[in-house]
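Student: Hi! I have a protein model open on my screen and would like to talk it through. Could we start from the overall picture and then go into details?

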Amino acid sequence: LFRVPVAYIALLGADGGIVTRIGSGSEHREFLAAYPLGELLAIPHWWPDLYEFPVAGFIDAQIKFAASAPLRSIDGLDLGLLIIADIRPRPDLSQMDHEALAELAGVLSGKMALRVMACHAREMELSRQEAERRFRAIANAVPVLIVYTGVDGARLFVNDTYLAFTGRTPEAELGDGFADPFHPDYREAVLEAYWTAFQERRPFAVQFPMRRHDAEYRWMLARGNPRFLDNGIYLGYTGCFIDMTEQRSAILDLRKQNRCAEAIAEAAGAFYLILDAEGRIEQVSPLCQPGSKPGQMRGRLLWEACDAAVPAGAALSDAVRRAASGRATVEIRTSYSAVARGGTAELLWRF
């Protein structure tokens, strides 16, 4: 544009010093190293004849003309200088020419900013891809069914454990038919619970039967939590499915056994308790203490919660300790003055 033999883009470091120079005229690097940055970064500058308008510490035997314009980012960060120079004076350089130089510096600044943004975007994309690879590796290694969704609620990922459980393809699990394995009797309620929590952006948990690849329905505990960025932007949901079939069956069996034991004990006119190793009541039959609710006795020591056990507290405590440590049945007899019944009852305790 200016028919000059020397043209540079001098780039600055964090300390404001020139760290590199790109352009022609490599023999004049020392000249550029002495360029008055502090003065020239403020406004565009030019010297039509360096001998007529000398700057202290800024004279080169060969360079007779120099002009510069600062390179700045959109947010005002100094990136460097666009410099042109000549080995002969250029007194004919007009104000319009220098405005054109400043305009060119603005174009170059924009190009540099775009390159910086592109580099940052590429680095962020590579970082995102690496984070996603790590997440998938971890998610596929755990024995829990994992799924996460986007901001619209559509599934974006299910782990290998999920696919192995359902025996379906990723396309089927990520599509509109993802709820097909849910038991028909529970499907509508599960979807309603999910979408309600999704719209309110709150955690949720629900249990329901889910069809496995062998057509057997397994009871699953599904938990979901919303995901947010640090700035509060909503990203979707992350959820997991845990097979609770065995635990659920064990709980139901235990409840059934407890009901049977309560029925037998009530029919026989006897009472029973289930204690922990220290003698605290975990379960009690309704006949144990008339007028008291079983829930009021749970968690308390037998010889503190049961009227019939209070008089023989020390002996019962010792019996419980011996039964727990020796893992053998311990029997003990005590007396109880039942005022309501008008007499003394002889009790046989078996731990």
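Tutor: Happy to; we can begin with the whole protein and then turn to one helix, a surface patch and some salt bridges. Keep in mind that this is a predicted model.

Student: Good to know. How many helices and strands does the protein have?

Tutor: There are ten helices and 14 strands.

Student: And what share of the residues is buried?

Tutor: Of the 351 residues in the protein, 35% are buried. The accessible surface comes to about 21000 Å², and carbon and sulfur atoms account for 56% of that surface.

Student: Let's pick a helix. What can you tell me about α6?

Tutor: Helix α6 runs over residues 184-200, which is 17 residues. From first C-alpha to last it reaches 25 Å, close to the 24 Å expected at 1.5 Å a residue.

Student: Which residues of α6 are buried?

Tutor: V190, Y194, A197 and F198 are buried. They cover an arc of only 100° around the axis, which puts them on the same side of α6.

Student: Why would residues a few places apart line up like that?

Tutor: An α-helix has 3.6 residues a turn, so residues three or four places apart point the same way.

Student: Nice. What covers the buried residues of α6?

Tutor: The cover includes three strands: β6 (145-149), β8 (204-211) and β10 (234-243).

Student: And which residues are exposed on the other side of α6?

Tutor: Those are D185, E188, E192 and Q199.

Student: What happens just after α6?

Tutor: R201 comes there, with a positive phi of about 55°.

Student: Changing topic: which residues make a nonpolar surface patch?

Tutor: L229, I233 and L235 make one of about 230 Å². L235 sits in strand β10, and its relative accessibility of 30% makes it count as partly exposed.

Student: Now charges. How many salt bridges are there in the whole structure?

Tutor: A search finds 18. One of them pairs D180 with R168, at 3.9 Å from N to O. D180 lies in the loop between α5 (170-174) and α6, and R168 in the loop between α4 (160-166) and α5, so the pair ties together parts that are twelve residues apart in sequence.

Student: Is D180 buried, exposed or partly exposed, and what is its accessibility?

Tutor: D180 counts as partly exposed, at 40% relative accessibility.

Student: What does E200 pair with?

Tutor: E200 meets R202 in a salt bridge, 2.5 Å from N to O. E200 is partly exposed at 49% relative accessibility, and R202 is partly exposed as well, at 34%.

Student: Which partner does R218 have?

Tutor: R218 forms a salt bridge with E246, and their closest N and O atoms are 2.8 Å apart. R218 lies in strand β9 (residues 217-228) and E246 in helix α7 (residues 245-268), so the pair ties together parts that are 28 residues apart in sequence.

Student: How accessible are R218 and E246?

Tutor: R218 counts as buried, at 8% relative accessibility, whereas E246 is partly exposed, at 48%.

Key:
Residues are numbered from 1 along each chain as its sequence is written. This is a predicted model: local features need pLDDT of at least 70, side-chain atom pairs count only at pLDDT 80 or more; totals for chains, interfaces and linings use all residues. Side-chain values use heavy atoms; hydrogens and water are left out. Helices (H or I, at least four residues) and strands (E, at least two) are DSSP runs, numbered from the N terminus. The expected span of a helix is 1.5 Å times one less than its number of residues. Buried means under 20% relative accessible area, exposed over 50%, partly exposed in between (1.4 Å probe, protein chains only). The arc is that of the directions from the helix axis to the C-beta atoms. Contact means heavy atoms within 4.5 Å. Patches are made of residues with over 30% relative accessible area and no salt bridge: like charges are joined within 9 Å, nonpolar side chains (Val, Leu, Ile, Met, Phe, Trp, Tyr) within 5 Å. Accessible areas come from the Shrake-Rupley method with a 1.4 Å probe; for residues, only the protein chains shown count as cover. A salt bridge is a side-chain nitrogen of Lys or Arg within 4 Å of a carboxyl oxygen of Asp or Glu.
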